[in-house]
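Open the model in your viewer and keep the selection panel at hand. The stops below go from one residue out to the whole assembly.

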Protein chains: 2
Amino acid sequence: MIDALSNDTEIRRAAVTARPDDEPDTTLARVAWSVIAEPGDGVAGALVAQLGPVEALRFALSQENFGLAEKAIHDGRRRWMPRAVPRAIREALHGATAIGAGLLLPGDVDWPVALDDLGDHAPAVLWVRGDISTLAARSRVAMVGARAATAYGDAVAAELSGDLAATGTVVVSGGAYGIDGAAHRAALGVGGGTVAFLAGGVDRAYPAGHQELFERIRASGALVSELPCGAAPTKFRFLSRNRLIAALGAATIVVEAGWRSGSLNTAGHASSLGRPLGAVPGPVTSAASAGCHRLMREYDAQCITNAAEVRELMGIEELPAVMAESREDPERIRLLDALSTRTPRSPSEIARIAGMAEDSTRSLLGMLSLEGSVARDDAGWRRAVG
Amino acid sequence: MIDALSNDTEIRRAAVTARPDDEPDTTLARVAWSVIAEPGDGVAGALVAQLGPVEALRFALSQENFGLAEKAIHDGRRRWMPRAVPRAIREALHGATAIGAGLLLPGDVDWPVALDDLGDHAPAVLWVRGDISTLAARSRVAMVGARAATAYGDAVAAELSGDLAATGTVVVSGGAYGIDGAAHRAALGVGGGTVAFLAGGVDRAYPAGHQELFERIRASGALVSELPCGAAPTKFRFLSRNRLIAALGAATIVVEAGWRSGSLNTAGHASSLGRPLGAVPGPVTSAASAGCHRLMREYDAQCITNAAEVRELMGIEELPAVMAESREDPERIRLLDALSTRTPRSPSEIARIAGMAEDSTRSLLGMLSLEGSVARDDAGWRRAVG
């Protein structure tokens, strides 16, 4: 098929337009892979890693055997073949051109190398609307959560995301209602960067009620998908998309999540990628926080209460080492306990009440009187007021 | 002094009354230690451990040297001497007799051996009002928290304590306003056992507003202190008392706590005793939960949301091993994604949409139709409704 694509003038021209500096066959082969394989297809990924996209495609769509055609490849061919039609590749390219979506390939300057941690499950390409450089920002955090967020969750997501975005961290999320939306909006609100990974093509606003939000993200952040224009968001693609959110963030923060929330899937990806995981606690009486508490208990998620703690988790900012808290001297506490603000007492009386030696009582009284904590007159010692 | 005490008929009679089965000198010496040394006095504890209470007292109050009088002993003597008057010991015994308080000594059948984990900082005696056997209950949990509790904290403390007490766990706390009070009340409310460790003598109701609560605890649980009757609660004694709460509980649960709450001191004791530590999360916007979140972050406290999780932490009840959650088969999700409830599709069309091989599509369709998830008619396959 690669030859058919390469020989199709219109398709070839579209490929050159999409990536002027690239070998059009590579562009076409990667686009073809994004069309014929479902997200995260590990057999496709392994094949591309081994042979390069062009040869992998040629091999995948041929009946060549060479003793290499293990069962996995055999099964893969049967998944890919039904979709391997030049029209689908042409539509993907035309769809992108029509809305001005860019195409990122692994190895590109702006390709987020963090996604390479996904190995054979890394995406074949990324389709991007908006500012491609947002993806390559130095500091990125994934912030996700329940669609059915509470006012508390919305407020915390907005607080965290706004603070992080204002200090230069790009906020990555999934564009859904609830926590995702609150995180995107707060980042935009402070003029910060934000990335929404979509489960369908970047030409599709899903959910439809976020059309305006997506337009704002496109204008000052990036809408991204590994699926070509025209691809519908499906349940499988939502779950696959979560691995990209987790991989792109230096850490993943779950703000609110029910006991079986999809956000736990994102958290699971972050965890298996070795990315630090944070969860925001909430009332134990709130079902919308049950998933967060579960992450703390079962996934060792760090308890997150503010943006500084997120930065600490990301390792981008060391918090000042916690000072050994000045412990109050026990004798000092006992001596002050033994004094009255009204009744004057002698040092020996104070020593007995405090259970201290008389000479240390006397010397401590002297120090405390310099501090102004105690006062003496002819009748004896008293605790100073105020 | 031990001889002076032993020869004072009235004091001796009081000692025999308090502990009929015991050697009165031992009783008197331990009571004397509880009067002359402040709680947790490690030098006193070490001396008693080395010489036994009677000899330790004799040595402490003599001027004997024997080359043993290191600086610590020397300093100790000067703390203890001013309080070593027979009248104070007589008053302690009389005060206890007057209110019917019992006296527990280390080694007694009902002595809670958990306190021995405090080593040289273990109490010399325990003065107990109420049911002494409550202290020796098989299962005990420490539950503490802020005096300035919120309605949320009160409700969670009541829920946890009520559930634990109803299932046979004695709830140990400090008798303070707020979380402590809610925990005691809920335990009493379900007819369970509860222990309040006081920072002053058991004859003193502090805070005064808890007089009625203390009366209820005395009637069906236990009011306990290491300090003799008449001793005033001081700041130092509140802090020292916390070590007893932490040591008596098989685990310590902090329900609500401000950033610098005294409950963190109890948590610190639990931690250094190797007792499991739990903290109840709350809204990150609530100052009353800030200390709990801090315990999770800095002390590795376990996130606690219900009583079953407390029991798990205490190790008294294994939760059923978390079942490996049945992950949905990805092909199943993709196939269902590819079906419409209205438009019938052929297996080859479904295979292409789902990105699956046609034969696995056919066999999965067969399985799903047995389940009733899909339906076929002459026009093709559809997703079953409902």
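Begin by selecting B:Ser225, which counts as buried because it has 29 C-beta neighbours inside 10 Å. The cut-offs are these: a residue is buried with 20 or more other C-beta atoms within 10 Å of its own, exposed with 12 or fewer, and partly exposed in between, with C-beta atoms placed from the backbone. This is a predicted model, in which local features need pLDDT of at least 70 and side-chain atom pairs count only at pLDDT 80 or more, while totals for chains, interfaces and linings use all residues. Residues are numbered from 1 along each chain as its sequence is written, and chains are lettered from A and ligands numbered from 1 in the order in which they are written.

Now show the backbone as a cartoon. B:Ser225 sits in strand β6 of chain B, residues 222-225. Helices (H or I, at least four residues) and strands (E, at least two) are DSSP runs, numbered from the N terminus.

Which residues does B:Ser225 touch, leaving out those up to four places away in sequence? Select B:Trp127, B:Phe197, B:Leu198, B:Gly200, B:Gly201 and B:Val202. Contact here means that C-beta atoms, placed from the backbone, lie within 7 Å. For a distance check, pick B:Ala157: its C-alpha is 23 Å from that of B:Ser225, and the two are 68 residues apart in sequence.

Next, select chain A, which has 17 helices and 11 strands. Its radius of gyration is 31 Å, well over the 21 Å that the globule rule gives for 386 residues, so chain A is more spread out than a compact globule. That radius is taken over C-alpha atoms, and the rule is 2.2 Å times the number of residues to the power 0.38. Along the principal axes, the C-alpha atoms of chain A fill a box of roughly 110 × 45 × 40 Å.

Colour chain A by domain: domain 1 (2-93), domain 2 (127-314) and domain 3 (330-383). These bounds come from an automatic or database domain assignment. The centres of domain 2 and domain 3 of chain A, taken over C-alpha atoms, are 59 Å apart.

Finally, show both chains. The contact between them takes 34 residues from chain A and 34 residues from chain B. On the side of chain A that touches chain B, α15(A) gives the most, with 4 residues. The copies meet through the same surface, because 100% of the interface residues of chain A are also interface residues in chain B.

Note on methods:
Contact = placed C-beta atoms within 7 Å.
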